Structures are given as structure tokens and as C-alpha cells.
Amino acid sequence: MVNATTFPTFSLDMHHIYRIHEKEYRFVYLTGGNATFSEIGNPHQTVTYETGTLNRLSAIGNVEVVPYGLMPEHLRPVVNDFEDVILAGLPPALRKRVEMRHALVQAFLQLKADGLTKGTDESIKANMQMIVLAAEDYLVEELMEPGYAEALQAYRAGEGRKPKARHGVLIPDHVSPRALRTWVALYKLGGKKALVDKCVNQGNRFSAYTVDERALMAQLVKKHYMSLQRKTIAITVTDVQDGFAKENKRREEEGLQPLRVPGREMIRLHIKRLDKFHVLVARHGQKEAMKKMRAVKTGLEILRPYERVEMDEWHIDLLGILAESGLLDMFSEAELEALGLNNQTMRWWLVVAIDCRTRVILGMVLTANPRTSSAKKCLNMVVSDKGAFADAVGAFTPWPGANTPETLAVDNGPALKAAELSTTCADLGITKLQTIAGTPSMRAYIERVFRTLSTTLLPRLYGRTFNSVQARPGIRRRSVPASPPRTSRRSWCVTWSTSITTRRTRV
């Protein structure tokens, strides 16, 4: 069954002339809701439009139809302004309005012929209820049975009972006398087609551009706007229009119909309709898109202490801190060897736990290698009294906090994923939450602590590790000896770095 809404609001005939964008075409064929036209001067040049696009172009005045313009003048049939309207192709809502108007006009003409009403505004207003009831017969979509029609006519004449309706019909609303007289005049001028209004031209959401033009515009926008270069809309408009110019040059060489270049507003609206998440991924990366488009904007709501405790590990340059503070000279060689501080290449780890509600550090353990024992020691500090540590260093304020956390959010480090730590948390009644790897925002509080230490404390220490030896502040590039062969580069860097650190410590 053919869908009636696939036809345009004007007729398609091979003898008509269609002026589209100041060029004259003839209709070739209609298939799948797409109408194809060929240029009259060059039949090899063809264009295809969706019927909705044709309606859109017709609404804005870019389509002009010359009825039977390709036929000799003496053979052209006499047409009026309503001949190009196809009632079967109207949208359902518009067709319903046409049927309502036609029913009211027919009912009024019938009552006027019977002498029951007059053509004045006063008579129409007084008999509007009778006109509306009489219009019901013209809105029946199915044919009545003869017996039902006779019974209904007798009932209206005051004889017999009202017959039982076998179909549902919507009764028209009351209209003003002036509107009814206008419809009657239009009906007498052009028949039922003259009752079609111009509401079909309102709210047309079809684009005025062809499928090829929209496809090329989408391709160029994706290339220039959806990129890490983060071009502005103004620059993207220029690039898209340049791309259309190049494509039209190629089509001209191949003898094809050129494409219309979209304007700034068309390109801007296309960009605004893009999916925001896909735009963020293309222009800022997936991590930034996930951060901005996450479901929770304000973060977790922690209502009480120890409701959520976060624990994480951090690589720390312990030797640099000890050397800068002068504590390294206080240890003998034997003590350094016993503490494991004589290994210049060893990197130390700091395991820290923080309460998300009070922002109090509840546990802190320093270890040479991240292992389960250090994580368990840190958890032991969380649930234990830490007054002994405050007294040992002579602190003026206590170190409060000794309770069992409700939830422990940890990273995906080897020590924090071990089964022994999970078993300990289960025995203590702690819900261990393994957050997603590579997503620091899921452990925002503890990550903020590490970020603060790395940006405020460590930059003050000259002994901290940079990306390379030459990147350290205070080291002159000309004092760096020549690079050794590749095979001994690592050992040479370690030895030279140790000598520099020792010399500064002695000074």
C-alpha cells in the first residue's frame, strides 16, 4: 500500500516545468519517496530530492511550477491555481481540516437551498448548531447502509427513534460566520481543493539541501571541527565552504551538477545538533569527556566521618628529602645499610589513608616496595590510636582518628588488590571498593593529597628526581661530562647523580 504522505503538496507531471534554484527541470520519475528531475537544457544533468525537501523548498519559494509548460500552447488544458494540489498527498492533519471545511460548506449550501438559513452573519450564527449537525453526514468515511440512512432521515424529521450509530464520526466545532462565508466563496471558485490552507508550510523540518549536500557537509564538519585542533565554528565554516568549492570544481570537470554551498547559519546549526559527548571525545579526548559528562557533578556526598576512607600508594624520592633536610648525615653507614638507605637506585613508596568527610590523614606507612604488609599496616593505623606517634615527634596537637571505616576505596596496585587485604577488610566488616584503574577522579581526596605534596613540598627540595639529570635546577649544562657509551649510560648517571647529591649535602 502506498503511503499518501510520501507525495509532495504539488502535482508531479512530465509536462510541467519546475524552476528549482533558478534552473528549469522536468519531472522524470518518483521512487521510494524521492523525485528525480532532469535539466531541460541538458537532460544528462539530473537532481533528486526527497518529497519533504521539495515541500520545504516550495514553502520558502525556491520551487516554481509552470503547469503544462512543455506542451504547445494550443494543446495546454485550462487550469486554475488549485490544479497542482493533490489531496491524497496531504498530511493527515491538513486533510482532516479540509474535510471539516468541506462538510460545513456542503451543509450550509444544502440548508440554504432548503430555505432553512440565509447567507447573513446573523442567520449563520443563529443556525450554527443545525449546520454542524448536518455536516456530520459529509464526514462519514464509509458508505452508509440504505436502512440506516432512511432511519436517520426519519428521526431528523421527528418520526421514530434515533438509530444506533454503526460508526464514529467527529462533529465539527462551531466556526465564525465570516470564516464559513470565506470557505463558501473559495469552494465556489476552485472546488474542494481551494479549501487547502497554507499551514502545511509551517513547521517543515526537512532540510532545503539535498542528500549529497548534507552528506558532504557532515563529512567536512567531522574532519575540521571534530578534531583535537579544536577549531572554532568560524574557522570551520570557512574550511567547509572551501571543501565545497573543491568538490564543485571536481564535479564541473566530470560534467556533474554542482552542489550548493551551505551558509554560515546552516553549518552552525549542524554543529549544534551534534552529540555533545562525541564532540568532547573528538576535541578533548575520552578522559575529559567522561569527566565532564559524568552523572554526578558535585562528587560523592559524605555525611559522617569514616563513612568513606580512601587509600592509595605514591612513589616518593625519600633519599632526596633526607639529603635536603640534612637527616642523611645523622645516620652511620651501618644504620643506612640496615634501613636500606644505601641503595641509591631504590625508590620508596608511601601508603596513605584519608577520611573523606573530615580530610584527616588516618594512616601513613613508608615502605621500600609496595606489598600487602604495608597496606595492612596502614589499615591498622586507621583503626588504632595514633597518639603515640604524635608524642614521639613532640607534636603540639594530637593525631585523632581511630575507628573502623564503613567503605575503603583503594587503587588497583598489587598490594591493594591482594586477597589478604580483602580478607582483613571482610573480617573487620569493611566494604572494600576496588575503583576503576586509570580514573583518579574516583579517589579524588587521596589523589589531591598526593598532588598537593608534589606541587608544594617536593619542588622546594633540590634532591628530588626530575625527568633527567640535566633538568635539575642549579646544574649548568657545560659542567655535565661527555656522555658515555650506551652500554654504561645507566650506571654512569647513577654514579654522577650520587656524587652531586653528596657534594651538596656536605656543603
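In this predicted model, strands β1 and β2 pair in the antiparallel sense over three bridges, where two strands are taken to pair if DSSP finds at least two bridges between them, and where helices (H or I, at least four residues) and strands (E, at least two) are DSSP runs numbered from the N terminus. Within this pairing, Ile20 has Lys23 of β2 as its bridge partner. The two strands form a hairpin with two residues between them, and His21 in the turn has a positive phi of about 55°. Residues are numbered from 1 along each chain as its sequence is written. The model being predicted, local features need pLDDT of at least 70 and side-chain atom pairs count only at pLDDT 80 or more, while totals for chains, interfaces and linings use all residues, and side-chain values use heavy atoms, with hydrogens and water left out.

A second hairpin is formed by β2 and β3, again with two residues between the strands, and here Gly32 in the turn has a positive phi of about 60°. The pairing of β2 with β3 is antiparallel and extends over six bridges, with Thr31 standing opposite Asn34 in β3. Strand β3 (residues 34-39) is in turn joined by five bridges to β4, the two running antiparallel, and Phe37 has Val47 in β4 as its bridge partner.

Taken together, five strands form an open sheet with antiparallel pairing, in the order β4-β3-β2-β1-β5. Its edge strands are β4 (46-50) and β5 (63-66), each of which pairs on one side only. Neighbouring strands of the sheet are turned by 35° against each other on average, direction ignored; here axes are lines fitted to C-alpha atoms, for helices over the stretch in contact, and angles run from 0 to 180 degrees between N-to-C directions. Helix α1 (residues 51-59) packs on this sheet and touches β1 (17-20), β2 (23-31), β3, β4 and β5, its direction making about 90° with that of β4; contact means heavy atoms within 4.5 Å.

Attention now turns to the packing of helices. Two packed helices are described by the angle between their axes and the distance between the axes. Helix α2 (residues 92-113) and helix α6 (residues 177-190) pack at an angle of about 90°, with their axes 10 Å apart. This angle makes α2 roughly perpendicular to α6 (angles under 35 degrees count as roughly parallel, over 145 as roughly antiparallel, 65 to 115 as roughly perpendicular and the rest as oblique). From α2, the contact involves Arg101, His102, Leu104, Val105, Gln106, Phe108 and Leu109, and from α6, Leu180, Trp183, Val184, Tyr187 and Lys188. These residues divide into eight nonpolar, two polar and two charged, where Ala, Val, Leu, Ile, Met, Phe, Trp, Tyr, Cys and Pro count as nonpolar, Asp, Glu, Lys and Arg as charged, and the others, Gly among them, as polar.

Helix α7 (residues 211-224) and helix α9 (residues 264-272) pack at about 65°, with their axes 11 Å apart, and are therefore roughly perpendicular to each other. Their crossing is right-handed; a crossing is left-handed if the near helix is turned anticlockwise from the far one by less than a right angle, and right-handed if clockwise. In this contact, Met217, Ala218 and Val221 of α7 meet Met266, Ile267, His270 and Ile271 of α9, a set made up of six nonpolar residues, one polar and no charged.

The axes of helix α14 (residues 372-383) and helix α17 (residues 419-428) come within 9 Å and cross at roughly 25°, which makes α14 roughly parallel to α17. This crossing, too, is right-handed. Thr372, Ala375, Lys376 and Leu379 of α14 make the contact with Glu420, Leu421, Thr424, Cys425 and Leu428 of α17, and the residues involved divide into five nonpolar, two polar and two charged.

As for confidence, the protein averages a pLDDT (the predictor's confidence in each residue, from 0 to 100) of 76, and 69% of the residues score at least 70. Confidence is highest in helix α8 (residues 233-253), at a mean of 93, and lowest in helix α19 (residues 489-506), at 43. Over residues 475-507 the pLDDT stays under 50, and the model has 26 contacts beyond four places in sequence for this stretch.
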